[in-house]
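Got a minute to look over a fold before you set anything up? Here is a quick briefing to read alongside the coordinates.

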Amino acid sequence: MTSPAFKIGVAVVVWDDEKILVGKRINGHGDGTWSVPGGSLEQGETPEECAARELMEETGLSGEYFRVVDAYPWVDRPDGYNIVVACD
């Protein structure tokens with residue numbers, strides 16, 4: 001499958017009390033840095049579905065309540081957009 005010209009990334013923010021789930025990135029963009037789970041939105045997928053899939057793929061955790069809380073253009077990529085999804 002070819003990827004669309006417009007790239008959309010989804011970041012998943014998971015918190016419990018005053019703690020936020022982060023992980024150290026390996027073997028890819030931002031290698032060695034800390035980040036919330038996330039990845040690229042696939043064709044036909046909603047941001048919430050992408051968030052659930054990426055959370056499971058990257059952490060083995062499942063979430064129940066996902067909601068979009070923000071969206072903004074990528075600073076370093078004019079053909080891309082970031083969507084932030086919260087998991088309560």
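What follows covers the pocket, the helix and the core.

Keep in mind that this is a predicted model. The largest pocket holds about 410 Å³ of space, and the largest nonpolar core counts 10 residues in all.

**The pocket**
- There are 19 residues lining the largest pocket, and G9, R25, H29, W74 and N82 sit nearest its centre.
- Strand 1 (7-16), strand 5 (38-40) and strand 7 (80-87) are the elements that each give two or more residues to that lining.
- Strand 1 has the largest share of the lining, with 4 residues.
- Sorted by class, the lining comes out as 8 nonpolar, 7 polar and 4 charged residues.

**The helix**
- Helix 1 runs over residues 47-59, and at 1.5 Å a residue its 13 residues should span 18 Å; the end C-alpha atoms are 18 Å apart, so the two agree.
- P47, C50, A51, R53, E54 and L55 are the buried residues of helix 1.
- Among the elements covering those buried residues are strand 1, strand 5, strand 6 (66-73) and strand 7.
- Just past helix 1, G60 has a positive phi of about 80°.

**The core**
- The largest nonpolar core is made of V10, V12, V14, C50, A51, L55, F66, I83, V85 and C87.
- Strand 1, helix 1 and strand 7 each put at least two residues into this core.
- F66, a core member, is in contact with V12, E48, A51, A52, L55, V85, A86 and C87, leaving aside its neighbours within four places in sequence.

Key: Residues are numbered from 1 along each chain as its sequence is written. This is a predicted model: local features need pLDDT of at least 70, side-chain atom pairs count only at pLDDT 80 or more; totals for chains, interfaces and linings use all residues. Side-chain values use heavy atoms; hydrogens and water are left out. On a 1 Å grid over the protein atoms alone, a cavity is a set of points where a 1.4 Å probe fits but cannot get out, and a pocket is an open set with protein on both sides within 12 Å along at least five of seven lines; lining residues have an atom within 4 Å of a point. Grid points are joined across faces, edges and corners, and a volume is the space filled by probe spheres set on the points. Ala, Val, Leu, Ile, Met, Phe, Trp, Tyr, Cys and Pro count as nonpolar, Asp, Glu, Lys and Arg as charged, and the others, Gly among them, as polar. The expected span of a helix is 1.5 Å times one less than its number of residues. Buried means under 20% relative accessible area, exposed over 50%, partly exposed in between (1.4 Å probe, protein chains only). Contact means heavy atoms within 4.5 Å. A nonpolar core is a set of buried Ala, Val, Leu, Ile, Met, Phe, Trp, Tyr and Cys residues joined through side-chain atoms within 4.5 Å.
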